[in-house]
Amino acid sequence: MRAIVVGTGAGGATAARELALRGFEVLVLEAGKPFRPFTRNISWAAPLRRVGALGGERTISRLFPAMETRRSSEDLVLVRGLAAGGCTVLSCGNLVRADNGLKDMGVDLAPEFEELERLIGVTTVPRPRWRPLSAAMFDAAAKMDLSPAPTPKAVDLSGCVSCGLCELGCARGARWDSRRFLGDALRAGATVRYGTPVRKVVVEDGRARGVLAGRKGAPERMRADAVVLAAGGIGNAQVLKSSGLRAEDRLWADIVLTVGGRSASARMLGEPPMVWYARRDGYMLSPYIDILSHWFHGPWRKVPVGDRVGLMVKLADEGNGRVNADGTVEKPVSEMDRVRLDGAAGLARRLMEGVGVEGPFVEGMLNGGHLGGTVPLARCDAATMHPSTLPEGLWAADLSLAPRSEGLPTMLVAAALALRVARLIPLRRT
Ligand SMILES: Cc1cc2nc3c(=O)[nH]c(=O)nc-3n(C[C@H](O)[C@H](O)[C@H](O)COP(=O)(O)OP(=O)(O)OC[C@H]3O[C@@H](n4cnc5c(N)ncnc54)[C@H](O)[C@@H]3O)c2cc1C
């Protein structure tokens, strides 16, 4: 059996690994290039930042092409990793179980979570490695009954130098990313082609027979018995719609709003990001310096990075986004999301004030990088993990399957969904 896996992020690499280990002939197609972390010294840019001469957030994609940023509405920036490893190479290494809406429909991922946690390795950053202000905010959160906990991390702490810049790629290789699973797949006989975007799924007689991939004007036809789409919430929807197939206009992104305050010599970049988190109803709080806001968001400009304090709100947002066949995305911040963000940001601010963080408190750029919901599972798909909207032979194996936003880290759930799907593919030969 020959399988084509599209994408090498949390879902794609997991599916490719599993299928290759089960004896499939696996061809992995990745739109991006092999990933390199951003290691250039950009201290020259600090004076430009202060006067706002760096331009908007798209500048980062010019300096660091693996990070794609785009506005899905005036006030929301969507971020994704377009490279080997997908968004996992930009991740903060948080490895949290998130399964909003899945268990209710009969998809209990506990066995996959457990297996993946064992395979990847989970730890927490010990408190002596936290910056004093993060520790103080943790204690304040506990006093406010917010039940904070150290964040589970997929990081080898002996190799982590606490540079605080996980999102620019881990130059030390201390943080897990899905390229490790891709490596397992390749050792098990899979092959990968980088710089090869899938344009369309080829469907004949109601069954997926392969893909058209590569150059836009002259794509190559590649044959497969099973096509596994793992191009993420945006990528999958784009490929499906370009192929005349159905994707849902229910994209969610887990909107991030980081509240910025000031405290002299806080040096929050001297610790791994998000060392603790507090789960609330529909969102989480976590200490975090938002790189995009620091470099490109006007209201954040006045404070140097060493004095900046950030507390992130990550909101489970409404699934109200639409991906078009040309890859453009429309996703506004809904009124309800705005109200909930305001409430959570108020709490973040009170927490910071409680430990002596000073104002002016400024909101960061609204951004979202957890892209799901466009090929959502329904209750009737729970046993097969094959959305009934897809033709035979075509699967989705990534965060696009998750029906509802999480307000929590999503790498693990994307990988767990992919693992479950990959194990069911051999059982559904027709
Ligand atoms: C900055 C940032 C930080 C994050 N931090 C964390 C964290 O700490 N913990 C956590 O759990 N989650 C984190 N996430 C989210 C998490 O990484 C993603 O939710 C997860 O990787 C989603 O997996 P996926 O397989 O659905 O998609 P992705 O990981 O995005 O993989 C999609 C892949 O498909 C490729 N692709 C796209 N279109 C095509 C095409 N047409 N043809 C071929 N290939 C294509 C992409 O290049 C990519 O490799 C973060 C996300 C971002 C953006």
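The protein chain of this predicted model averages a pLDDT of 97, and 100% of the residues score at least 70. pLDDT is the predictor's confidence in each residue, from 0 to 100. Local features need pLDDT of at least 70 and side-chain atom pairs count only at pLDDT 80 or more, while totals for chains, interfaces and linings use all residues. Residues are numbered from 1 along each chain as its sequence is written, and side-chain values use heavy atoms, leaving out hydrogens and water.

**Confidence by element**
- Helix 2 (residues 46-50) has the lowest mean pLDDT among the elements of the protein chain, at 89.
- Helix 1 has the highest, at 99.
- Helices (H or I, at least four residues) and strands (E, at least two) are DSSP runs, numbered from the N terminus.

**Cysteines**
- The whole structure holds 0 disulfides; a disulfide is a pair of cysteine sulfur atoms within 2.5 Å.
- The sulfur of Cys92 lies 5.4 Å from its closest cysteine sulfur, in Cys166, which is too far for a bond.
- Cys160 is in no disulfide either; the nearest cysteine sulfur, that of Cys166, is 6.4 Å away.
- Cys92 counts as buried because its relative accessibility is 10%.
- Cys160 also counts as buried, at 18%.
- Buried means under 20% relative accessible area, exposed over 50%, partly exposed in between (1.4 Å probe, protein chains only).

**Helix 6**
- Helix 6 spans residues 179-187, and its buried residues are Phe181, Leu182, Gly183 and Ala185.
- These buried residues pack against helix 1 (10-21), strand 2 (25-29) and helix 4 (110-120), where contact means heavy atoms within 4.5 Å.
- Gly189 follows helix 6 and has a positive phi, near 110°.
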